[in-house]
Amino acid sequence: MGKFFAVTVAIIAILSAIPIVMNYWGPPADISTHGAAIDDQLHETMWEAGVSFLAAQLVLALFVWQFAGRGRNDKLKNFPGGAKWLVIAAFLFVGTEILALGVIGQKAWATVYFAAPDKDAVTVQAQAGQFAFYFRYPGPDGKFGTPRPDKIDEGNQNFFGLDPENDVASRDDIVAGELAVPVNRQVNLLMHSKDVGHSFYVRELRIQQDFVPGLDLAVHFTATKTGQYEIVCTQLCGLGHYNMKAYLNVLSQEDFDKWLKDKSAQ
Amino acid sequence: MSEAAAHHGPPQGFIRKYVFSLDHKIIGLQYYGLALVAVFVGMFLSWLMRFHLVWPNAAIPGLQLLSKVGAPGGLITPEYYLSLLTMHGTLMVFFVLTNAPFAAFGNYFLPIQIGAEDMAFPRFNMMSFWTTFVAFVVLLAAFVVPDGPPISGWTAYAPLSAIGKDAGPGLDMGQNLWGISIAIFCIASLLGSLNFIATTLDLRAKGMTLMRMPLSTWAWFVTSCIALLAFAVLLPACLLLVLDRVAGTSFFVPAGLVVSDHLQPHSGGSPLLWQHLFWFFGHPEVYIAILPAMGIVSHILINSMRKPLLSHKVVIGSMMAIGFLSYMVWGHHMFLSGMNPFSALVFSFPTLMITIPATVLTLIWLGSLYGSRLQITAASLFALGFISMFVSGGVSGFFLAQPSIDIYLHATYFVVGHFHLVMGVAAIFGVFAGTYFWMPKMTGRMMNETLGKIHFWLSFVGAYCIFMPFHYLGLAGNVRRYSSFVDDFMAPLMPVHKFITIAALCTGAAQLIFLYNLIHSRFWGPPAPVNPWNATSLEWTVPSPPPWNNFGGVHPVVYHDPYQYSVEGAKEDFIMQNSPEQVKTTVRS
């Protein structure tokens, strides 16, 4: 029975590793400037965690194989070095991993969160509400109108609560149901929630950030490949959570300018 | 022994003996029974969810009886899916993972293992169970109120959970019941953990020094210290949430929210405050579930290996280190929540650090297996399975502890796979190991070993088939808490989901073997001897099942460290803790 356990554990461990090694379902190709650092971090962690996982499972299998079913006449043995060396090994091994990944690897986090956005970044406001994303561009004046929650009227398509009668800056604001951005230019996304918590997740962009009601956040990124990508909500927001999505359209600068112009004319 | 041990005489009559009992053993069995009901309900809910995910258009006959609105014609609506998800998580985390390894086994065996006649406060003990029971009834009542159970998940993030019915179905009375139930549960856990701490510190038998306590008792003791601090924070958090909902306060709701076209009458609250309070409890809760399992597994492995672990002190120290660090890491649930990104780094570091005591424990278990005389029983198989699951669930924590990787993996099935393996399956394996090991003591009847082993193989392979693929889904970016995968990129992942669902249905069905074994052996199993496993700790010195005052009025005296196995020169290959037999001690420090 012990040997059967050992073989089962070994088979499970190896089978578990195969889809990862063969990369059956890995992340899609990255389309951002910061994503490579995250991917490297993920890759490195996969190595270290994978080796630890396989080593621990196989050692478990080996010892159970070797020592299960031994009787009273078999000599008891102690692990060479005893607890002391195992503790030292844990500190050295895990300590090194923590230093390698935890400390040095924080650079990837820093590039997303600690660097200020570029001055010439395209600023877009994203608003999340049950169960849709809307995006707002400041228009030719470069200024966003001030949103007023009491003016929000979905029936009249006033998703942001703009007040063009009294607020000059809001008159040329462009509101869209998709996020169009120019390729290879930094985008500074201002994030606002209309009602409850939501989240903005684009796999290819390696960006995920919560929308927090009452707390306006910003996240910036540069997309490096034109195309259409799915934006999904990853913070449980109610019954339509699964269906809350929008598209990110990464356009060439010319296409983006044209898109803005067309939207502006509507 | 202190005077406090014998506050009550032998119970008279059925009600005092089995219902409102002061006896810690009956209370332990009551907790076990409650957890057993909760785990089957919770598992059934997960079946419904898995079924709906892969066969959304197939009606489940009779489900409309559970909820006409939530499952019209037996088809689960997206909102009812979220109700099931919320109830599954809440039942499993609170009523199974907190109750079974900690409250049930702890209640039954902690006093006996330290040589006490009962808990320090038997009336508190009775109250803590019945309060838990009330919490359970209040939670289940959410199934029958008109708008159904809440849809905000077991984490109940505000403001979704705080603003009432405008935010969606289940968020009216259902969410109120949830908040009240969890608040009541917190009171029960506070009573219970205080009792455990007082009992451990005050009621140890003569000679039972702290270092002579078995590792299971050590684990329950450390867990009760964690639980005391954790539930003391969740309790006010739940009360504030209920106040936001029913009294118009705004602790967790900021101004200017427009929900279902209604401007909400709140201002000045913070959704992040709820997250901080919740996870200040929520992360230690993981260790409330897993530490008792670590103790139980260590206790059983030592008995099966016929030799103590490489170091008693290092295991205790590691458990304490895990308990201590568990309070410094809650922010890792909130890396992307909008809190200051610097704090993500601060929370990341102790999270990674917690890997060190966890690795020490794993290496001690593995190193102790070396050169042992390991006996394979249903109990030891589950204990070995625990180690395997703990490693598998643990290594994925190394990814999620890093904020930069969290940007990609947060809120995906990778997280679901991680916590199900490490806190769900591993802790439940600890409970199964404990059940096969201790049930003979608790009922006086042996369980069927063959059925136990079959149960192990199906559960072990089955749990891997369910939860390992979750990690692959997460790596592909499959978002969790979706009732249906409508996004283009998730469609190709459906075969993986089908595989998981089939594995879940089979593995769940295999648990009926366990249920059968448990019930059958309770009534018709062969009578259990006093010490069927040739074990050394005090619970094996008393009859199976023990009398109401455990040691029959005799105060045990302890002469030995807890795990005197394979002692050279001893009459048998083990020495009971209370045996006056003198031999050269072999326990390594």
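Two strands pair if DSSP finds at least two bridges between them. Helices (H or I, at least four residues) and strands (E, at least two) are DSSP runs, numbered from the N terminus. This is a predicted model: local features need pLDDT of at least 70, side-chain atom pairs count only at pLDDT 80 or more, and totals for chains, interfaces and linings use all residues. Residues are numbered from 1 along each chain as its sequence is written, while chains are lettered from A and ligands numbered from 1 in the order in which they are written.

**Strand 10 of chain A**

- Strand 4 (residues 179-182) of chain A pairs with strand 10 of chain A in the parallel sense, over 4 bridges.
- Val181(A) has Val250(A) in strand 10 as its bridge partner.
- Strand 9 (residues 227-232) of chain A runs antiparallel to strand 10, joined by 6 bridges.
- Here Gln228(A) has Asn249(A) as its bridge partner.
- In a regular strand, side chains alternate between the two faces of the sheet.
- Strand 10 spans residues 245-251. Its covered face holds Ala246(A), Leu248(A) and Val250(A). Its uncovered face holds Lys245(A), Tyr247(A), Asn249(A) and Leu251(A).

**Two helices of chain B**

- The axes (lines fitted to C-alpha atoms over the stretch in contact) of helix 9 (residues 312-325) and helix 11 (residues 355-369) of chain B come within 9 Å. They cross at roughly 150° (on a scale from 0 to 180 degrees between N-to-C directions).
- The two helices of chain B are therefore roughly antiparallel (an angle over 145 degrees).
- Residues in contact (C-beta atoms, placed from the backbone, within 7 Å) include Val314(B) and Ser318(B) of helix 9, and Pro357(B) and Leu361(B) of helix 11.

Note on methods:
A residue is buried if 20 or more other C-beta atoms lie within 10 Å of its own, exposed if 12 or fewer, and partly exposed in between; C-beta atoms are placed from the backbone. Angles under 35 degrees count as roughly parallel, over 145 as roughly antiparallel, 65 to 115 as roughly perpendicular and the rest as oblique. Two residues are in contact if their C-beta atoms, placed from the backbone, lie within 7 Å.
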